[in-house]
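Please keep the structure open while reading.

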Amino acid sequence: MERHADKGPAGDDDIAGKAARAWQGLNTLLLERYQQRKAVSEALGMSFSRVRALRRLAAGPVSLRELAERMGSDPPYTTVIVDDLVRRGLAERITNPTDRRSKLVHLTEDGQAKAELAISIITTPPDALLALPREDIEALDRIVAKLLD
């Protein structure tokens, strides 16, 4: 059987290896090299789990259960996080207008400002990305958009 770089049975192994290398590279870039999590935690003076909660609350009030689902954490741990945000004056519990027996978590004005700062830090691309040629950035943008579909 003829071996092709990107086609056929042998090519499938080559492309799978390249995909694995690209995926590992993305993980290294996002989690280790540019350390946006550390930068945003230091800028806001709180753990990244609290930053994640702020970012998810920035869209509007939600129940503790919904916040836990959005964060991928359990409700008791989410309660600890929300209690801390409330103590810091960044969030408050408000009565749910559709069910007065339940509460929603809502960001205060200061909490909204901190959430916006967190989003700004996390979404600012590193200089190394901005230094790439325009066509590379456009290709990366297309590829990421496809992966997110």
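A residue is called buried when its relative accessible area is under 20%, exposed when it is over 50%, and partly exposed in between, with a 1.4 Å probe and protein chains only. Helices (H or I, at least four residues) and strands (E, at least two) are DSSP runs, numbered from the N terminus.

This is a predicted model, in which local features need pLDDT of at least 70 and side-chain atom pairs count only at pLDDT 80 or more, while totals for chains, interfaces and linings use all residues. Residues are numbered from 1 along each chain as its sequence is written, and side-chain values use heavy atoms, with hydrogens and water left out.

## Helix α4 and its two sides

On α4, the exposed residues Arg-65 and Glu-69 sit on the face turned away from the buried side of the helix. The buried residues of α4 are Leu-67, Ala-68 and Met-71. They cover an arc of only 100 degrees around the axis (the arc being that of the directions from the helix axis to the C-beta atoms), which puts them on the same side of α4.

That buried side packs against α3 and α5, where contact means heavy atoms within 4.5 Å. After α4 comes Gly-72, which has a positive phi, near 70 degrees.

## Helix α3 and Ser-49

Helix α3 is mostly covered, since seven of its ten residues are buried; these are Phe-48, Ser-49, Arg-50, Val-51, Ala-53, Leu-54 and Leu-57. The elements covering them include α2, α4, α5, β2 and α6.

Ser-49, which lies in α3, counts as buried at 14% relative accessibility. The side chains of Ser-49 and Ser-47 are joined by a polar contact of 3.0 Å, a term that stands for a pair of N or O atoms within 3.5 Å; within protein, one must be able to donate a hydrogen and the other to accept it, and residues adjacent in sequence count only if both atoms are side-chain atoms. When residues up to four places away in sequence are not counted, Ser-49 touches Met-71, Tyr-77 and Ile-81.

## Ser-41 in helix α2

Ser-41 is placed in helix α2, which covers residues 36-44, and with a relative accessible area of 14% Ser-41 is buried. The side chain of Ser-41 reaches two backbone atoms, namely the oxygen of Arg-37 at 3.0 Å and the nitrogen of Phe-48 at 3.3 Å. Leaving aside neighbours within four places in sequence, Ser-41 is in contact with Met-46, Ser-47, Phe-48 and Val-51.

## The largest nonpolar core

A nonpolar core is a set of buried Ala, Val, Leu, Ile, Met, Phe, Trp, Tyr and Cys residues joined through side-chain atoms within 4.5 Å. The largest such core holds 21 residues, of which Val-40, Leu-44, Met-46, Val-51, Leu-54, Leu-57 and Leu-85 touch the most other members. Two or more residues each come from α2, α3 (48-57), α4 (64-71), α5 (75-87), β2 (99-107) and α6 (109-123), and α3 gives the most, with five residues.

## Helix α6

The 15 residues of α6 should span 21 Å at 1.5 Å a residue, and the end C-alpha atoms are 21 Å apart, which agrees; the expected span is 1.5 Å times one less than the number of residues. Gly-111, Ala-115, Ala-118 and Ile-121 are buried in α6. Seen down the axis, the buried residues of α6 fall within an arc of 125 degrees, so they line one face of the helix.

Glu-109 and Thr-123, on the other side of α6, are exposed. The cover over the buried residues of α6 includes α2, α3 and β2.

Strand β1 (residues 91-96) and β2 run antiparallel and are joined by six bridges, where two strands pair if DSSP finds at least two bridges between them. A hairpin joins β1 to β2 through two residues, and the bridge partner of Arg-93 in β2 is Val-105.

Pro-76 belongs to helix α5 and, at 56% relative accessibility, counts as exposed. Between the C-alpha atoms of Pro-76 and Leu-104, which are 28 residues apart along the chain, the separation is 15 Å.
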